[in-house]
Amino acid sequence: MLLSFDHVTKLYGPVVGVNDMSCRIGPGITGLLGANGAGKSTMMKLASGQLRVTSGSVTLGEHDAWSSAAKRCFGFSPDINSFYEEMTGREFVYAMTRLYGYTAREARERSEQALVDVGMIDRADRHIAGCSHGMRQRIKLAQALVNDPPILLLDEPMNGIDPGGRRDIGELLIAQASKGKTILVSSHILVEVEHLADSILMIARGRIVASGTLSDVRNLIDDQPFTVQLVVEPSRRMASLLLAFDEVNSVEVRGDTLTVRTRKPAQFFARVGELVMRDAIVVHKMVSLDTGADAVFGYLEQGAP
Amino acid sequence: MGFDNTRYHGWTGELQSPWISSLAIIRVALLQVFRRKSYWIVIALGLLQFLIYWALIYAVNQVNFPHRVQTDILKFMGFGSTTSGDGNGYIRFMRQQSVIVMILLAFAGSLLVGADFRMNSLPFYLSRRINRMHYIVGKLMAISAIVSLMTVLPALLLFFEYGFLTASFDYWIDNWRIPVSVIVYGAIICAVLSTLIVTLSAYLQRVAPIAITWSSVFVLLGSMARFLRSGDGSNYWGLIDPWRDMRYVGRLCFGDLETQEQYDFACWALLVLIAVCSLALVALVRRVRAVDIVE
């Protein structure tokens, strides 16, 4: 099912939440990245029908996000850590399932299944007050999965979960996505989104600054040099050789470490290979410093209006 | 860990109405209140009072006390004409139970409503098939359920006990207005207390401010009313005392008013309660939003 934002603007009085945002989010996992205050939570709340747009429209399939029909189409896991401390995880998930309108028996079956899927079935009778942060995240995920929705809206689902748990949750989301679900994951853990998401949506100051795969987005930034760090011997000779190339913008030398900025990474790497073979340069280490989401996002945020 | 979500089967049945889904809110609320051991102290007070009335009614009907002793017992306990079988006893019982309920709600308001706002848990509700009206009605009904369990239900049980002990259906037939009045009066108490506590809790959120404000509404306003009434002697200052308003409306329900002045006051009291509850509802609807906008 498609989640669509069509020229959506949301104003909180004089404060702009999102500004003329348009995008289509289809099946698969889409990572929603942005700094604090960028508009990620606003986007999530608009999609989940908790906020009404100031202008434009948000639709889930053919349903307006504000409608009752749309609320059957998604599961939402908010970025909240404290809720109903006296209830057990099982009771909480069951109560949230009943709010969908399922009968008691159906709600019981679905909540049990959701707890199995998130790995909480053996700890479901623990009171939420006694649950760790990671366990609470799993419970939140369970209540989002109970109605087997075609769209999942997950706000910081990996927060506080140990690496093993993140792997499990990641596998769960990938399995859900393989069934054709549309999953929007908002996160500050950029590395996790990088490895999980099929596509990325980057927002800054209420606007979408980039969308696509991470490499597509990176390639779009043609006015931002690519940064590579090399540990080589002899470093100064290597630096002088690299500066002769047109595609190299700058070379910074610190001991044996060179920090090179280039606009054409493919050509650059080929050149480095030739130099190593021809001039007997010893390369101890070569790493790209900004292929990750952090760097890409940093570039894009700087350029956001 | 392998995941197999083929066990989720497609739902072919009819989803229940969102209004029925709101019953889940009531269930959760009752679970939260009755799970708190500290609240059981207050609930036990209400239960104790009910048992005392129950025992008194039984004793007066079944034990052959001399009339003077019987009267003295009633006066000593301060129950007045509780066991006379007319409406007075039920009004007094429900009013006394309301005091206990008021104490319970001063603390339960933060748990049942304030926590939703303090912990920002509204998205859990509003991302479901219910909207804010369902949420509000669910919370109001949850509070009303608690109030009814401690006022209306015990009063009805006392009514049935009294009739049962007379060993005939005459009491129930002759006094059929009493359970109707109990239910109507109970509905008014539920409406007023639930609207005020839900609205207060939505805005104040924490236990201490709610308890202080809640107490001020029912204690301070009463004292102010008495002070103002002592000034110019006008009985209508009593309209600012919500306890007095509810008491007179209760007497109106039971047909217990003796003078035209009391009847007029009761009508005005009803209007005041409706106006206050309406304003509270408007404030509540504005407050229930998924996003708290800080200006």
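**Figure 1. A:His7 in strand 1 of chain A.** In this predicted model, A:His7 has its place in strand 1 of chain A, which covers residues 3-12. Its phi is near 50°, a positive value in a residue other than glycine. A:His7 counts as exposed because 12 C-beta neighbours lie inside 10 Å, and a residue is called exposed when that number is 12 or fewer.

**Figure 2. The open sheet of chain A.** Six strands of chain A form an open sheet, in which the order is 6-7-8-3-9-10 and the pairing is mixed. Strand 6 (74-77) and strand 10 (207-212) of chain A stand at the edges, and each has a single partner strand, so one side of each is left without a neighbour in the sheet. From one strand to the next, the twist averages 15°. Within this sheet, strand 3 (residues 28-33) and strand 9 (residues 199-204) of chain A pair in the parallel sense, over four bridges. A residue of this region to look for is A:Thr30, which stands opposite A:Ser199 in strand 9 of chain A.

**Figure 3. Two helices against the strands of chain A.** Helix 1 (residues 40-47) of chain A packs on the sheet, where it touches strand 3, strand 7 (151-155), strand 8 (182-186) and strand 9 of chain A. The direction of helix 1 of chain A makes about 150° with that of strand 7 of chain A. Helix 4 (residues 133-145) of chain A, in turn, lies across strand 6 and strand 7 of chain A, and it runs at about 165° to strand 6 of chain A.

Figure 4. The peptide bond that joins A:Glu233 and A:Pro234 is cis, with an omega of about -10°. A:Pro234 itself lies in the loop between strand 11 (226-233) and helix 8 (235-243) of chain A.

**Figure 5. Helix 9 of chain A and the residue that follows.** Helix 9 of chain A holds 15 residues (265-279), which at 1.5 Å a residue should span 21 Å, and this agrees with its end C-alpha atoms, which are 21 Å apart. Just after helix 9 of chain A comes A:Ala280, with a positive phi of about 55°, although A:Ala280 is not a glycine. A:Ala280 lies in the loop between helix 9 and strand 14 (282-288) of chain A. With 10 other C-beta atoms within 10 Å, A:Ala280 is exposed.

**Figure 6. The contact between chain A and chain B.** The contact takes 34 residues from chain A and 32 residues from chain B. On the side of chain A that touches chain B, the elements that give two or more residues are helix 2 (89-98), helix 3 (104-117) and helix 5 (163-178) of chain A. Helix 5 of chain A gives the most to this side, with five residues. By class, the residues on the side of chain A that touches chain B divide into 14 nonpolar, ten polar and ten charged.

Figure 7. Chain B has 13 helices and zero strands, and buried residues make up 39% of its 295 residues. Of the contacts in chain B with a separation of 6 or more, 76% are accounted for by residues 24 or more positions apart. Helix 11 (residues 207-232) and helix 12 (residues 242-254) of chain B pack at an angle of about 85°, and their axes are 7 Å apart. That angle makes helix 11 of chain B roughly perpendicular to helix 12 of chain B. The contact is made by B:Val217, B:Phe218, B:Leu221, B:Gly222 and B:Ala225 of helix 11 and by B:Pro242, B:Trp243 and B:Arg244 of helix 12 of chain B. Sorted by class, the residues in this contact of helix 11 with helix 12 of chain B are six nonpolar, one polar and one charged.

**Figure 8. The surroundings of helix 12 of chain B.** Twelve of the 13 residues of helix 12 of chain B are buried, so this helix is largely enclosed by the rest of the structure. Among the buried residues of helix 12 of chain B are B:Arg244, B:Asp245, B:Tyr248 and B:Phe254. The 13 residues of helix 12 of chain B should span 18 Å at 1.5 Å a residue, which agrees with the 18 Å between its end C-alpha atoms. Just after helix 12 of chain B, B:Gly255 takes a positive phi of about 65°.

Technical notes
Residues are numbered from 1 along each chain as its sequence is written. Chains are lettered from A and ligands numbered from 1 in the order in which they are written. This is a predicted model: local features need pLDDT of at least 70, side-chain atom pairs count only at pLDDT 80 or more; totals for chains, interfaces and linings use all residues. Axes are lines fitted to C-alpha atoms, for helices over the stretch in contact, and angles run from 0 to 180 degrees between N-to-C directions. Angles under 35 degrees count as roughly parallel, over 145 as roughly antiparallel, 65 to 115 as roughly perpendicular and the rest as oblique. Two residues are in contact if their C-beta atoms, placed from the backbone, lie within 7 Å. Ala, Val, Leu, Ile, Met, Phe, Trp, Tyr, Cys and Pro count as nonpolar, Asp, Glu, Lys and Arg as charged, and the others, Gly among them, as polar. The expected span of a helix is 1.5 Å times one less than its number of residues. Two strands pair if DSSP finds at least two bridges between them. A residue is buried if 20 or more other C-beta atoms lie within 10 Å of its own, exposed if 12 or fewer, and partly exposed in between; C-beta atoms are placed from the backbone.
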